[in-house]
Amino acid sequence: LADLLHEDLKRSFPSLRNEVRIKLIEATESVLSMMDKRISEYTVEHFKHEKIEVLLNMAVKEVRAKEVIVQAKGSQKLESLPCSVVVWATGIKSRPIVESLRQAIGVSAQNNFRGLLTDENLEVIGAPGVYALGDCATIAQKRASGAVSTLYEEAKKDPKAKGITLEGFRALMTAKAADYPQLQFMSTSDAFEEEFRKADRNRDGVLNEEELRLALEQADRRLKVLPATAQVAAQEGKYLARRLNALPAAGNIETGGKWIERLRSVWTRIILPDGLRPFAYSHLGSLVFLGGESASIDLTGVDALLSKFGLDVLTGHGTFLLWRSFYLSEMFSTRTKLLLAFDWIRVRLFGRDISRY
């Protein structure tokens, strides 16, 4: 809306710049709270520059024809904000077919109202042979603290040892990051040293089983549902394709003969020498367009080297150009890439077509 007002409508309706006010209402204490704090702070400052008023800790109680009723956090007083256009963006809701599937399987097994619960192989819990991915599904997360005894014995190795050393703790985090994604952060950064010191209550330089439990419980608190983004769905789609291709053909399906089936089996062993492991999401970073030719990239936890050189958070106009390059590279064909590039050039030279507004 701010780009439309400041870049396009100003040419045909210059007086609107002084008449239109844009307000962003956020119920929490920061915008883009799922991203790094530096990005949240930059976004607020950028919105001020774009003349967007940000109202934090403000809940919307009612939307009427000409006003929005809001309530500040910790206050009982309701306020009225005059409006002519309201854009509502407060998350997603499961489709009716997903809710019907939950009810058919049974809410005792499917107790997540946001989507279908699946195991680590993306198979729907309570419905063998049925798979789900993307926004309609949620992977049931395993808690590392629930397997503390097994992990402790595995990491200690020497039965005579007093406990797990710092190096042993780091090796455990690295080895189990695929099985327990919440440990990945500690396996790819220096955070494991701080967590080790916090858990080492008696300061003897090693962790006993109870101290390891404390460290794992702290890691389990980082468990989060995978975001409903294209990045997650794309990785799940590729994984599920490999899993389905690795399944043996049903007896009543023509496979092309014994030689074709044998070649298929050999090819599966080549591309999956260790078998198909459970799905593990690999976060490649988060990008967000902020308007006004500005964007932000959050690469926190992606690579420890980026954090070391202060490149884990990028903002500004240069980041906007980088964001566009990523966006362009994700187009499916050369045709769509050219169409998108020419569209950007046309908008840059002549502005957007506002005849339909």
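User: Two strands count as paired if DSSP finds at least two bridges between them; with that in mind, which residue in β4 is the bridge partner of Met-58?

Analyst: This is a predicted model, in which local features need a pLDDT of at least 70 and side-chain atom pairs count only at pLDDT 80 or more, whereas totals for chains, interfaces and linings use all residues. Residues are numbered from 1 along each chain as its sequence is written, and side-chain values use heavy atoms, with hydrogens and water left out. Strands (E, at least two residues) and helices (H or I, at least four residues) are DSSP runs numbered from the N terminus, and on this basis β3 and β4 pair in the antiparallel sense over five bridges. Within that pairing, the partner of Met-58 in β4 is Ala-72.

User: Which residue in the hairpin of β4 and β5 takes a positive phi, and near what value?

Analyst: This hairpin has five residues between its strands. The residue with the positive phi is Gly-74, and its phi is near 85 degrees.

User: At about what angle does helix α2 run to β9?

Analyst: A second open sheet holds three antiparallel strands in the order β8-β9-β10, with β8 (286-291) and β10 (313-316) as the edge strands that pair on one side only. Neighbouring strands here are turned by 10 degrees against each other on average, direction ignored, with axes taken as lines fitted to C-alpha atoms (for helices over the stretch in contact) and angles running from 0 to 180 degrees between N-to-C directions. Helix α2 (residues 37-49) lies across β8, β9 and β10, and its angle to β9 is about 175 degrees.

User: Which residue of β10 is the bridge partner of Ile-297?

Analyst: Strand β9 (residues 294-298) and β10 run antiparallel and are joined by four bridges. Ile-297 has its bridge partner in β10, namely Leu-314.

User: Is Asp-312 buried or exposed, and which side chain does it join by a polar contact of 3.1 Å?

Analyst: Asp-312 is found in the loop between α11 (304-308) and β10, and its relative accessible area is 7%, so it counts as buried (buried is under 20% relative accessible area, exposed over 50%, and partly exposed in between, with a 1.4 Å probe and protein chains only). Leaving aside neighbours within four places in sequence, its contacts (heavy atoms within 4.5 Å) include Ile-297, Leu-306 and Arg-38. A polar contact is a pair of N or O atoms within 3.5 Å, where within protein one must be able to donate a hydrogen and the other to accept it, and residues adjacent in sequence count only if both atoms are side-chain atoms. Asp-312 is thus buried, and the side chain it joins at 3.1 Å is that of Arg-38.

User: Why is the ring pair of Trp-323 and Tyr-327 described as tilted?

Analyst: Rings of Phe, Tyr and Trp (its six-membered ring) pair if their centres lie within 6.5 Å, and planes under 30 degrees apart count as stacked, over 60 as edge-to-face and the rest as tilted. Phe-320 and Trp-323, both in helix α12 (residues 317-329), form a stacked pair at 6.2 Å centre to centre with 25 degrees between the planes. Trp-323 and Tyr-327 have ring centres 5.4 Å apart, and their pair is tilted because the angle between their planes is 40 degrees.

User: Over the ring of which residue does the charged end of Arg-324 sit?

Analyst: Ring pairs link Phe-289, Phe-320, Trp-323, Tyr-327 and Trp-344 into a cluster, in which Trp-323 is buried at 17% relative accessible area, whereas Tyr-327 is partly exposed at 42%. A charge sits over a ring if NZ of Lys or CZ of Arg is within 6 Å of the ring centre and within 35 degrees of the ring normal. The charged end of Arg-324, 4.3 Å from the ring centre, sits over Trp-344.

User: Where does Glu-293 lie?

Analyst: Glu-293 has a phi near 55 degrees, a positive value in a residue other than glycine, and with a relative accessible area of 25% it is partly exposed. Its place is the loop between β8 and β9.

Conventions. Pairing = 2+ DSSP bridges.
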